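Colleague: I have a structure open and would like to learn how to read it. Could you take me through its features in turn?

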Amino acid sequence: MATISELTTSASTAPLLDIRNVAKSFGKNAVLRDISLQVAEGEFLTILGESGSGKTTLLRIIAGFEAATSGEILMGGERLDTLPPYRRRVNTVFQHYALFPHLTVAENVGYGLKIARLPKQEVESRVEHALNMVKMTAYAASKPSKISGGQQQRIALARALVNRPRLLLLDEPLSALDANLRRQMQVELKSLQREVGISFVFVTHDQEEAMVMSDRIALLRLGELEQIASPREIYNRPATAYTAQFIGHTNLLSGEVKDGIARCQSLSWRTGLRDGSGLFSLRPENIRLADGTGGSAAVRFRGKILRQAFHGATELLQIECAGGLLLSVRAASQENWSGDVDLEFSPADAIPVRASEGRA
Amino acid sequence: MKAGERNVPTSRWLPWHAIVVFGFLYLPIVTLIVYSFNGSGVGGFPPRDLTLNWYRILFADEAIWTSVLNSLLVAFAAMAISLIFGIPAALALDRANFPGKTLFRRLVLLPLILPGIITGLSLLMLFQAGEVKLSLLTIILGHGTALISVATTEVFAGLQKLDRAQEEASLDLGANYWQTFWHVTLPNLRLSIIGAALLIFTLSMDEIAVSFFLIGRDNTLPLEIWGRLRRGITPEINAISTIIFVFSLAAIVTWYRLRAKAETEVVL
Amino acid sequence: MFSRAYRAAVTVPPLLWVAVFLLVPYALLFCYSFWSVSSSQTIVHSWTLDNYRQLLQVNVYWQTLLRSMWIAARVTVFSLLLGYPLAYFLSFHAKRKDLLYQLVIIPLWVSYLVRAYAWKTILGSDGVLNTLLQYVHLTSHPLDFLLYSPFAVVLTLTHIYTPFTILPIYAALEHIPRNLVEASHDLGASPVQTFWRVIFPLSIPGVVAGATFAFVLSLGDFLAPLLLGGPSGIMISNIVVSLFGAAYNWPLGAAISFCMLALVLGLLFLSESLEKKWSFR
């Protein structure tokens, strides 16, 4: 039931992948409900969602390991969903790598090429090139059990890419890595995608990861598409309360709008919204310490500091305002915060969002 | 083949093959049961004159029931020996390091795969050298020795699944090694031990190869049946076999129930 | 980690038992194989290689040994042919795995003697199979070769040992992560290609284990040939049994047994190294 706010792809580039009204149920359990989205050529799209959102199921349907209950998928204008997985020009990097334990690293990488009956010379040279690309040439003769998790992940990547698929699917490939390695791999994956130029569809539950790597993010919730937009757009202009809360931190203000003024407890600001009840998302970093630079339209208020959480460069303060309203405010770190502070925010930063209903 | 279907070869013949193999495995058993009610004895087709006669004759047959009692005695005693020596053997293999460990492991597990007669006649030589008269006792010793490997294998597998952290927690809380063994290790091995006990019992009741050489005056059930078979087939044998089958079935169903129940009790 | 007393208590009793009841008997077996029996039916404790020479030279002995190995080989092959597809079906296709697994195990819990005897009643000239065939007019007289022949022995032993091949193969197949199958498909391999390139190689340790078990135990079997083999189906263990019985010649019997023991140990060693080579943990 969600409307889709989508970055329009230029008319001259037809989408690589066209997912039309795909739904999937396991018995009575509806995991995906009416998903439609498109993946452009050469784009890095992340499917983001919590567990239970259906993101992995959607990926598996694209790969061919599950069949959609209804709907269709087209790649390059032709039906994809009628093909078995081994006939799709799609390759997958699995969450736990799924490397073949009885084959060496080189044999793993060359597996798809051997199946395609390519001449031995070509297999060897392409395997070497792929291993080079992921910086694992030294391990060509090793067995998967002898290399580390991060290294296995690279091999899984090479094994998929060496086949030159039109689309690469990645199923939470970084989730098993520790934080530092993960950050490093995020950067490497992104630059690899740029270098290779094919479309990546990346599944993750980590919203920071999604923002770092993607050209666009498709946020899934309970089997439906909540919003699909570029990271900046989805962060700065979330469409729903869920999106605002899931990606980054936010304050959700519910208030009444009358005659162009929104009122939420002791705060009020100008808004273009129609009369009625409204929900607004206000990011903690958009609430600043009042220092007189806010301008006349800025909403000023006073609040008491209840708690502070140190995050390094910034701190997250929990503020109690008049009337008991609690807000999170992000401010530059300083040694001592005391008592009451004067804060301000600009009305433009109070983004109206739709409420997210629960779903059966 | 479309997407999402079973992504492994689903040749049509697989289920049929399965049916044929199961048929092959159960044909003798079914025949046995059916013909134990056959009035005109073994053989002949189709079976007719359904009767409980053979069971009646069976129940009056004293020699058979004596041998059953002997077998039960042997089975329980062998069970005791196998467990008493097999459980420590499993613990030793899992946790201790000592010179000759590999040889020990191979020796303990050897009777599992060695044809029974070799174990049987080598023990016969031992008893002969020690001038021990053949009797139920020698059979008990034979079964016990041969079946230690079963106890060891089952308990070893159970030890592998054991969460070491539980034992460490017990030690951390002040219990010593013996108390930990008694209160933590052993209860966790309960399932493996019961499984081993059931298996040992069944194998002992059916054991022929080792018993063949170590038999004294008293027969075990298999040897009693064996003796009669040499003299000729009687449908009585069908009857006793059917009874054995029913008991085996009951044993294995019980075993599965116990295991299923225990698995739901495991707290992660 | 464990105290010395605990470790001693745990290792010493089984070690002692095994030493007395396994090591010593095998040693005795070894010794006996070098002794001989006198004409007055007593054991002569003088050391000689005579028994082994007899084993090699007297036709009956080495021919029977070869025949036994041939029977064991056939049993192994048939058991694997019957067992592997069933194990595969159970692991990858069956809906009620538990139930079917139990159905495979149940025959194992039914007495071997009883099952062998049942085949006797099925295969005999008055038996179920023959009378059935005549009843439906497929044959006009009983088929001889069904019973008291190597055929009957191979059939019965295959029946006994097929479950023993199914179990380890099933266990090996269950251990294969299913995402490997998906990965293979993802990379373009059809289901059949996936089976031969991924599933089968990873199941080899199970196949080796099952084959070893079937071969070794068939080789040393004496019941089936005695019940169903007839004169042409005699196997090496029957000879050993008679040497310890009516044909009273313990030293020769010991020599043959020791050869069997050595053969079995050799096979175990071979199968262990094969399993290790094909195991990828």
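This is a predicted model: local features need pLDDT of at least 70, side-chain atom pairs count only at pLDDT 80 or more; totals for chains, interfaces and linings use all residues.

Colleague: Let us begin with chain A. Into which domains is chain A divided?

Modeller: Chain A has domain 1, covering 17-242, and domain 2, covering 249-352. Their C-alpha centres are 39 Å apart.

Colleague: How should I read the pairing of strands, and how many bridges join strand 1 of chain A to strand 2 of chain A?

Modeller: In general, strands of a sheet pair through backbone hydrogen bonds, in either a parallel or an antiparallel way. Here strand 1 and strand 2 (residues 29-39) of chain A run antiparallel and are joined by 7 bridges. As an example of a partner in strand 2 of chain A, A:Val22 is bridged to A:Ile35. The hairpin of these two strands has 2 residues between them, and A:Gly27 takes a positive phi near 65 degrees there.

Colleague: Which strand is joined to strand 1 of chain A by 5 bridges?

Modeller: That is strand 4 (residues 70-75) of chain A, which runs antiparallel to strand 1 (residues 17-26). In strand 4 of chain A, A:Ser70 is the bridge partner of A:Ala23.

Colleague: Now a whole sheet. What is the order of the strands in the open sheet of 5 strands in chain A?

Modeller: The order is 15-19-16-17-18, with antiparallel pairing. Strand 15 (288-289) and strand 18 (326-332) of chain A each have a single partner strand and stand at the edges, so one side of each has no neighbour in the sheet. Further in, strand 16 (residues 299-310) and strand 17 (residues 314-321) of chain A form an antiparallel pair with 7 bridges. In strand 17 of chain A, A:Cys321 is the bridge partner of A:Gly303.

Colleague: Is strand 14 of chain A mostly covered or mostly open, and which strands pair with it?

Modeller: Strand 14 (residues 276-282) of chain A is mostly covered, with 5 of its 7 residues buried. Strand 11 (residues 251-258) of chain A pairs with strand 14 in the antiparallel sense over 7 bridges; A:Val257 has A:Gly276 as its partner in strand 14. Strand 20 (residues 351-352) of chain A also pairs antiparallel with strand 14, over 2 bridges. In strand 20 of chain A, A:Pro352 is the bridge partner of A:Phe280.

Colleague: What comes after strand 20 of chain A?

Modeller: A:Ala355 is found in the segment after that strand.

Colleague: Next, chain C. How many helices and strands does chain C have?

Modeller: Chain C has 12 helices and 2 strands. Its C-alpha trace spans about 75 × 75 × 35 Å along the principal axes. Of its 281 residues, 53% count as buried. Helix 9 (residues 191-219) of chain C bends by about 45 degrees at C:Ile204, and C:Pro205 follows within four residues. That helix is mostly covered, as 22 of its 29 residues are buried.

Colleague: Which residues touch the most other members of the largest nonpolar core?

Modeller: In soluble globular proteins, nonpolar side chains tend to be buried together. The largest nonpolar core here has 156 residues, and C:Ala152 and C:Ile256 touch the most other members. Domain 1 (11-51) and domain 2 (63-265) of chain B both give residues to this core, so it lies between them. Apart from it lies another core, of 82 residues, including A:Val105 and A:Phe202.

Colleague: Last, how many residues do chain C and chain B each give to their contact?

Modeller: Chain C gives 79 residues and chain B gives 66. On the side of chain C, helix 1 (residues 4-32) supplies the largest share, 18 residues. The residues on that side divide into 57 nonpolar, 17 polar and 5 charged.

Key:
Residues are numbered from 1 along each chain as its sequence is written. Chains are lettered from A and ligands numbered from 1 in the order in which they are written. Domain bounds come from an automatic or database domain assignment. A residue is buried if 20 or more other C-beta atoms lie within 10 Å of its own, exposed if 12 or fewer, and partly exposed in between; C-beta atoms are placed from the backbone. Two strands pair if DSSP finds at least two bridges between them. A nonpolar core is a set of buried Ala, Val, Leu, Ile, Met, Phe, Trp, Tyr and Cys residues joined through C-beta atoms within 7 Å. Two residues are in contact if their C-beta atoms, placed from the backbone, lie within 7 Å. Ala, Val, Leu, Ile, Met, Phe, Trp, Tyr, Cys and Pro count as nonpolar, Asp, Glu, Lys and Arg as charged, and the others, Gly among them, as polar. The bend at a residue is the angle between axes fitted to the seven residues ending there and the seven starting there.
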